[in-house]
There are 2 protein chains.
Amino acid sequence: MNKIITVSREFGSGGRELGKRLAEHLRIAYYDEEIITEIAKKSGLAEEYVKSIVERKTITYYPITIGRTLTTTFNPQLELSAKIYAEQNNIIKELASKSDCVMIGRCSDYILREYNPFKIFVYADMSSRLWRCRQRTPEKEYLSDTEMESRIRGIDKGRARYHEFLTGQTWGAKENYSLCINTSNIAIKDIVLPIAELFKTIYMISNDK
Amino acid sequence: MNKIITVSREFGSGGRELGKRLAEHLRIAYYDEEIITEIAKKSGLAEEYVKSIVERKTITYYPITIGRTLTTTFNPQLELSAKIYAEQNNIIKELASKSDCVMIGRCSDYILREYNPFKIFVYADMSSRLWRCRQRTPEKEYLSDTEMESRIRGIDKGRARYHEFLTGQTWGAKENYSLCINTSNIAIKDIVLPIAELFKTIYMISNDK
């Protein structure tokens with residue numbers, strides 16, 4: 001059975017960077033936005049729309065369908081969301097069945113539970129998260145600390161709600177993860193090697209790989 | 001400033017073993033029962049009594065004082081507890097000031113916060129904790145799984161209450177730790193090296209040590 005690492009993370013905690021670096025270090029596949037692209041491809045829906053559903057963003061526009069007609073039903077919005085969740089479920093399982101990999105978010109920790117994945121949760125204090133967000137936000141998109149903090153909390157609220165809705169579990173409750181790492185005042189690149197070693201040790205993967 | 005590792009743990013999660021092995025691997029001091037012994041020495045109280053206070057056990061006997069007389073006050077029990085907490089605080093700080101070390105429990109993560117310690121929380125699912133407890137319980141002290149589970153939950157409840165009473169923080173809330181590690185179905189000896197490496201990486205300790 002393939003060895004899977006799932007990374008769940010608070011916004012601005014550096015979780016995505018950690019996942020990407022772990023995949024590079026371990027030379028295994030990495031899936032993040034790729035999942036959205038695949039869902040869009042298979043469902044014929046626009047990527048942005050799929051993203052808005054799986055990230056529980058506020059939907060401000062109507063879905064663009066490509067090459068198919070939407071059947072008008074009682075609640076097309078609900079039906080589409082259900083379709084996207086089902087598609088996401090299938091795609092995550094399909095990707096996991098191909099090879100060892102790192103999977104970012106999207107309830108993959110729960111969806112892939114039969115693989116017994118190494119489930120990482122990444123979190124940090126607000127000042128570190130603000131600092132990280134500042135590093136990657138273009139200057140023209142200036143937000144005050146209060147606005148940025150409010151955006152961070154909003155995104156996390158969405159993630160928590162999405163996770164709880166699909167899995168019935170509390171997002172970020174340590175019991176649901178193998179490892180929870182606090183990245184406050186830490187450079188992500190520095191912790192990749194020991195975390196990769198911890199994963200290899202627990203999963204008894206030869207160091208020769 | 002000395003580098004400190006504090007280990008907080010659910011009962012039966014293997015946290016004490018992890019702390020001891022980390023100290024051995026890193027060749028630094030290890031403090032656990034030693035703290036109780038020191039408090040007893042300095043306060044003139046019996047070790048078992050000190051232990052019952054700092055572990056919030058039910059007290060079934062009256063303290064034995066050695067070489068000093070107890071002044072009768074309004075609430076001698078409360079006064080003694082306060083004295084023990086103060087003594088514990090001093091001793092933990094004194095030990096931390098001596099050298100790098102691993103400190104098990106006793107709110108050392110909070111007491112030593114000015115050292116910015118590497119704060120580990122160790123937890124595991126109930127079946128792993130039952131299994132670990134069985135390994136170390138003498139056969140004559142046989143308890144059913146239900147009894148054992150009830151004892152485990154009782155001890156953790158005491159730890160949580162003690163921690164919250166002294167620190168105002170929620171025991172086990174991941175925000176208060178650097179790393180939370182789930183030791184379900186894991187041999188503690190296997191994870192010592194990568195966790196020691198993580199500590200050394202974060203605290204920029206040379207690997208030559």
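What is the order of the strands in the open sheet of 10 strands?

Author: The model is a predicted one, and what follows should be read with that in mind. The open sheet has 10 strands, and their order is E2(A)-E3(A)-E1(A)-E4(A)-E5(A)-E5(B)-E4(B)-E1(B)-E3(B)-E2(B), with mixed pairing. The edges are formed by strand E2 (29–31) of chain A and strand E2 (29–31) of chain B, each of which pairs on one side only. From one strand to the next, the twist averages 20°.

Within chain A, one pairing can be followed to the level of residues: strand E1 (residues 4–9) and strand E4 (residues 118–123) of chain A run in the parallel sense and are joined over five bridges. Arg9(A) has Val122(A) as its bridge partner in E4(A).

Helices also meet across the two chains. Helix H8 (residues 188–202) of chain A packs against helix H8 (residues 188–202) of chain B at an angle of about 175°, and their axes are 9 Å apart. Angles over 145 degrees count as roughly antiparallel, and H8(A) and H8(B) are therefore roughly antiparallel to each other. On the side of H8(A) the contact is made by Asp190(A), Ile191(A), Pro194(A), Ile195(A), Glu197(A), Leu198(A), Thr201(A) and Ile202(A), which meet residues of H8(B), among them Asp190(B), Pro194(B) and Leu198(B). Sorted by kind, the residues of the contact of H8(A) with H8(B) are 10 nonpolar, two polar and four charged.

For the interface as a whole, 20 residues of chain B are in contact with 20 residues of chain A. The area buried between chain B and chain A is about 1,700 Å², and carbon and sulfur atoms give 67% of that area. Of the area that chain B buries against chain A, Tyr123(B), Lys174(B) and Pro194(B) supply 31%, more than any other three residues; Pro194(B) is also one of the residues of H8(B) that meet H8(A).

Across the interface of chain B and chain A, zero salt bridges are found, whereas the structure holds 26 salt bridges over all chains. One salt bridge within chain A joins Arg21(A) to Glu17(A), with the closest N and O atoms 2.8 Å apart. Both residues lie in helix H1 (residues 15–26) of chain A, where Arg21(A) and Glu17(A) are four residues apart, about one turn of the helix.

Technical notes
Residues are numbered from 1 along each chain as its sequence is written. Chains are lettered from A and ligands numbered from 1 in the order in which they are written. This is a predicted model: local features need pLDDT of at least 70, side-chain atom pairs count only at pLDDT 80 or more; totals for chains, interfaces and linings use all residues. Side-chain values use heavy atoms; hydrogens and water are left out. Two strands pair if DSSP finds at least two bridges between them. Axes are lines fitted to C-alpha atoms, for helices over the stretch in contact, and angles run from 0 to 180 degrees between N-to-C directions. Angles under 35 degrees count as roughly parallel, over 145 as roughly antiparallel, 65 to 115 as roughly perpendicular and the rest as oblique. Contact means heavy atoms within 4.5 Å. Ala, Val, Leu, Ile, Met, Phe, Trp, Tyr, Cys and Pro count as nonpolar, Asp, Glu, Lys and Arg as charged, and the others, Gly among them, as polar. Buried area is the accessible area (1.4 Å probe) that two parts lose on being put together, summed over both. A salt bridge is a side-chain nitrogen of Lys or Arg within 4 Å of a carboxyl oxygen of Asp or Glu.
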